[in-house]
Protein chains: 2
Amino acid sequence: MVKVSIIGSGNVAQHLIQAFEKSTETELIQVFSRKKDTVSHLIAKEKITNNYNELKEADVYIISVSDNAISKVSSELPFQEKLVVHTSGSIDMTALDSKNRKGVFYPVQTFSKNKPVNFKSIPLCLEIENQDDYTILEKIAKSISDRIYTIDSPQRKSLHVSAVFVCNFVNHLYHIGNEICENSNIPFDILKPLIKETAEKVMLLSPNEAQTGPAIRNDHKTIEAHLAFLTNETQKNIYKIITQSIQENVKKL
Amino acid sequence: MVKVSIIGSGNVAQHLIQAFEKSTETELIQVFSRKKDTVSHLIAKEKITNNYNELKEADVYIISVSDNAISKVSSELPFQEKLVVHTSGSIDMTALDSKNRKGVFYPVQTFSKNKPVNFKSIPLCLEIENQDDYTILEKIAKSISDRIYTIDSPQRKSLHVSAVFVCNFVNHLYHIGNEICENSNIPFDILKPLIKETAEKVMLLSPNEAQTGPAIRNDHKTIEAHLAFLTNETQKNIYKIITQSIQENVKKL
């Protein structure tokens, strides 16, 4: 069985631990966590270490730490010639220390501590330095997900920027919608079916086909009324710039 | 059985026709459509008219036309003292002609022609001029949806602005994500699980709790790299303004 070791204990690491613990084709042999307690609810205590020198022989070491720590952690590993990958969307594969064989294992998903996810449906983007290592990386990827993609570092950078727009920024628009509702004593629940349907629509239609609302209709009267309604300057500016972008960049179908 | 008549043939009208045709507690007795063909695939031909003078006696007349036509259509109706409601999120109830009893019947959803929706889960926001009419309006609402809310005109205005943020603007962010991916030969499919999960997360967590990404982490290095990557000025401006709004308005949890 393929042996995997995870280095890190943050959100992504924790979700990976849970996914590998369920897998029957790979064995998660060890997790490195500075504070052992952070992951002790997810894996047997004897498999947790906080000492690099105690890391056991594995087929793949997955570094899942904050972006700015990846380089340092990879250079602190007390071994060489092993396959070491990171899980970041925004860091080049070359950031890993050259003493080991490099790769990337990037799950395109948003992870929060209190929200379980079905890992099987999460796209895993793989990149590899030596083509010989692809088979093993693909094998561990397939053991936890049904959606495997080969994505190089420049593509991954694009993908990560896209992910910021469709996830982080989208969530902030939910936040603004919530705030506007709260100010008028309207429950956020009333927006939830709309939020769900807006996401589900683009599973079937392109975002261009799915576009509705005053901006695409060029409904100046409603747009003016909305801008007059908004008293928060930041919200007003976001309203203006996205409305303008829809009018300039989306084809009226 | 309560008798309903729909005046209009656009997206919302068409989805309402389908919902009422399924209902066993209300009878859709007639649809007014300038071009009879527009709705002839949804309802029996003898129930379609393009002449206001042919409108039969109904308990509720639902005007579902474009915002700027609501007033005119309501004043052209050749009867009085009837219950007449509109379906718009952004138009005051008072826009309806005073010769009839007024109300609003606003479904909070995004409707596209080629995407069926489950009407039962769509929030219906009701407003009424005479409290005596509330029972009948609620009755027809309950016959097609499980989620009924009483929302007055100022609240409905807030709700509509919120809906623009969480639906129309969110969809445009999907569009930008799609464009960035296309430019790097990455299939949009790779973003779909992320889009779905981002929506599903706020069914359980508040948008504040669900916020992830470089902005909330104050990860300046990634933000700078993303801004350097974006060559499209509009995309760059949207990136900047939403990042700033997250940093200024979202609590770090």
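How closely do the axes of helix α4 of chain A and helix α8 of chain B come, and at what angle do they cross? The axes of α4 (residues 153-183) of chain A and α8 (residues 220-229) of chain B come within 11 Å and cross at roughly 105°. The two helices, α4(A) and α8(B), are therefore roughly perpendicular.

This is a predicted model, in which local features need pLDDT of at least 70, side-chain atom pairs count only at pLDDT 80 or more, and totals for chains, interfaces and linings use all residues. Residues are numbered from 1 along each chain as its sequence is written, chains are lettered from A and ligands numbered from 1 in the order in which they are written, and side-chain values use heavy atoms, without hydrogens and water.

**Helix contacts**

Some terms come first. Helices (H or I, at least four residues) and strands (E, at least two) are DSSP runs numbered from the N terminus. Axes are lines fitted to C-alpha atoms, for helices over the stretch in contact, with angles from 0 to 180 degrees between N-to-C directions. Under 35 degrees counts as roughly parallel, over 145 as roughly antiparallel, 65 to 115 as roughly perpendicular, and the rest as oblique. Contact means heavy atoms within 4.5 Å.

On α4(A), the contact with α8(B) uses A:Lys157, A:Ser158, A:His160, A:Val161 and A:Val164. On α8(B), B:Thr222, B:His226 and B:Phe229 take part.

Helix α7 (residues 220-229) of chain A meets α4 of chain B, with axes within 11 Å. A:Thr222, A:His226 and A:Phe229 face B:Lys157, B:Ser158, B:His160, B:Val161 and B:Val164 there.

In the table, Ala, Val, Leu, Ile, Met, Phe, Trp, Tyr, Cys and Pro count as nonpolar, Asp, Glu, Lys and Arg as charged, and the others, Gly among them, as polar.

| Pair | Axes | Contact residues by class |
|---|---|---|
| α4(A) and α8(B) | within 11 Å, roughly 105° | 3 nonpolar, 4 polar, 1 charged |
| α7(A) and α4(B) | within 11 Å, roughly 105° | 3 nonpolar, 4 polar, 1 charged |
| α4(A) and α4(B) | within 9 Å, roughly 180° | 22 nonpolar, 6 polar, no charged |

**Symmetry**

A rotation of 180° with 0.0 Å of shift along its axis superposes chain A on chain B, with RMSD 0.1 Å. The copies are thus related as by a two-fold rotation axis. In chain A, the C-alpha of A:Val170 is nearest the axis, at 2.7 Å. Of the contact residues of chain A, 100% recur in chain B.

Key:
Least-squares fit on C-alpha atoms with pLDDT ≥ 70 in both.
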